Amino acid sequence: MAVYFSDLALLPEGWASNVRITVSSQGMIEHIEVNTSADGAEHLCGPLLPGMPNLHSHAFQRAMAGLAEVAGNPQDSFWTWRDLMYRMLGNMQPEDVSAIATQLYIEMLKAGYTSVAEFHYLHHDIHGQPYTNPAELGLRISEAAAQTGIGLTLLPVMYAHSGFGGQSPMEGQRRFINSIDSYSALLNQLSDQLTRQPLQRTGLCFHSLRAVTPDQLHSLLNHFPDTSLPVHIHIAEQMKEVNDCLSWSGQRPVEWLLNNTAVDQRWCLVHATHLNDEECRRLATSQAIAGLCITTEANLGDGIFPATEYLATGGQFGIGSDSHVSVSMMEELRWLEYGQRLRDQKRNRLTHPQQKHVADYLYQGALQGGAQALGQPIGRLEAGYRADWLVIDGQAPFIASSQPDDVLNRWLFAGNSRQIRDVMVGGKWQVRDGHHVLEEQAAERFTVTLRKLFS
């Protein structure tokens, strides 16, 4: 057992003072006591927060962050950005995937993300052929997560078509494509091998409604009936996607999914940017998670998720960094709120009658939704949950001078990620005094990879 003491900690019921936490050798929280004394425990150097789950990541896309910000086509959109992404994959090798993921996961940890759902659709070699080990690239992701110490829900993606109605895949998608049989074998293999990693698990994943047929979607759901298995899908990110779905089915993407599939609490609908009022209500009722990736959605010009309306109906959400144009949990939460302010021309949009502090409402909501989407015992400082947490620098002026109720507002809206001092995952310190033990080595390897990919 290891014992820690925090002067101030964010528990599920709110802020608590003089908190003593006992952690088992397996990295699980065994006991929490409040209003007590340190009594020999390790004294943490600032406010203690649960670590944030990142519910949506395409690790390899971190390599192209910032390269698509050059004006070209006056109608630049997600679809022109996607062409650049496909070109980047033309010579990316397994060792490049390892280097990129390792660098990214260190950045995530330093930014306060203690676990990640990797939406992994890069499966095959540069010619579109399976590797000798079909799980080669998925295992590279698992290895990078294990080396850096971040928790992982690996989501191998079923991707079969380029558009609604079973359209043939494009040349740029050749590295993504699987059949029902090859995908099932891949998910089974990865699920078996990740059982050896204590912080890792798998989930079922569909790239989008346009990338699978209804028969494929339902066949895989029936083939993997485990109700504890997370299910993720991209949905309604772009208006073109919505309009194409209407042309194909007469229904909007979220509407079609809700009408044709038993969407429940194990589902995460990533983006869901374009929802009407009825879809907001029905999605909230389903208890599925809306996976919001605000910095990527803004970067790609997707649109503004109707968060005020969705949360008013009881909807649940989590956050992800998606394409990693930004790796900042703070930015995702901050701009989730700011987008609603810009749209509505009002302030303090995302709150609750029982929680008037915007940052507390956003942070606790993203913890709960992210934990549910990853299917892991995380997101809470509570007995029975994994010891995933971060320590904010208690000497930072805004933090040192704040009353407990103001700490998160001060930090999220006026601070930065550099004020994250220490990060623990599964009972092990992965970041101390703002540094990860592998960061210099990983950065050097990442630099070599970038020069190779973009020379």
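Is W256 buried or exposed? Let's work that out together, along with a few other exercises on this structure.

The model is predicted, so local features need pLDDT of at least 70 and side-chain atom pairs count only at pLDDT 80 or more, while totals for chains, interfaces and linings use all residues. Residues are numbered from 1 along each chain as its sequence is written, and side-chain values use heavy atoms, with hydrogens and water left out.

**Exercise 1. Decide how W256 is classed, then find its aromatic partner W248 and follow the rings onward.**

Step 1: Recall the cut-offs: buried is under 20% relative accessible area, exposed is over 50%, and partly exposed is in between (1.4 Å probe, protein chains only). W256 has 7% relative accessibility and therefore counts as buried.

Step 2: Recall when rings pair: the centres of Phe, Tyr or Trp rings (for Trp, the six-membered ring) lie within 6.5 Å, and planes under 30 degrees apart count as stacked, over 60 as edge-to-face and the rest as tilted. In the whole structure, a search finds 13 aromatic pairs. One of them is F164 with W248, stacked at 5.3 Å centre to centre with 25° between the planes.

Step 3: F164 sits in the loop between β8 (151-158) and α4 (180-194), and W248 in helix α6 (residues 239-249), so the pair ties together parts that are 84 residues apart in sequence. Helices (H or I, at least four residues) and strands (E, at least two) are DSSP runs, numbered from the N terminus.

Step 4: Compare accessibility. F164 is buried at 8%, whereas W248 is partly exposed at 32%. W248 also pairs with W256, and that pair is tilted, with 5.7 Å centre to centre and 40° between the planes.

**Exercise 2. Describe helix α2 and the strand β7.**

Step 1: Check the length of α2 (residues 94-110). Its 17 residues reach 25 Å from first C-alpha to last, close to the 24 Å expected at 1.5 Å a residue; the expected span is 1.5 Å times one less than the number of residues.

Step 2: Look at its surroundings. Of the 17 residues of α2, 15 are buried. Just after α2, G112 takes a positive phi of about 100°.

Step 3: Move to β7 (residues 113-120), where 8 of 8 residues are buried.

Step 4: Find the neighbours of β7, remembering that two strands pair if DSSP finds at least two bridges between them. Strand β6 (residues 52-57) runs parallel to β7 and is joined to it by 4 bridges; here S57 has E118 as its bridge partner. On to β8: it also runs parallel to β7, with 6 bridges, and F119 stands opposite L155 in β8.

Step 5: From β7 the chain passes through helix α3 (residues 136-148) to β8 in a right-handed β-α-β crossover. Right-handed means that, with the strands pointing away from the viewer, the path from the first strand over the helix to the second runs clockwise.

**Exercise 3. Find the two faces of helix α8.**

Step 1: List the buried residues of α8 (residues 277-286): E279, C280, L283, A284 and S286.

Step 2: Look down the axis. These buried residues fall within an arc of 155°, so they line one face of the helix; the arc is that of the directions from the helix axis to the C-beta atoms.

Step 3: Turn to the face away from the buried side, which carries the exposed residues D277 and T285.

Definitions and conventions:
Pairing = 2+ DSSP bridges.
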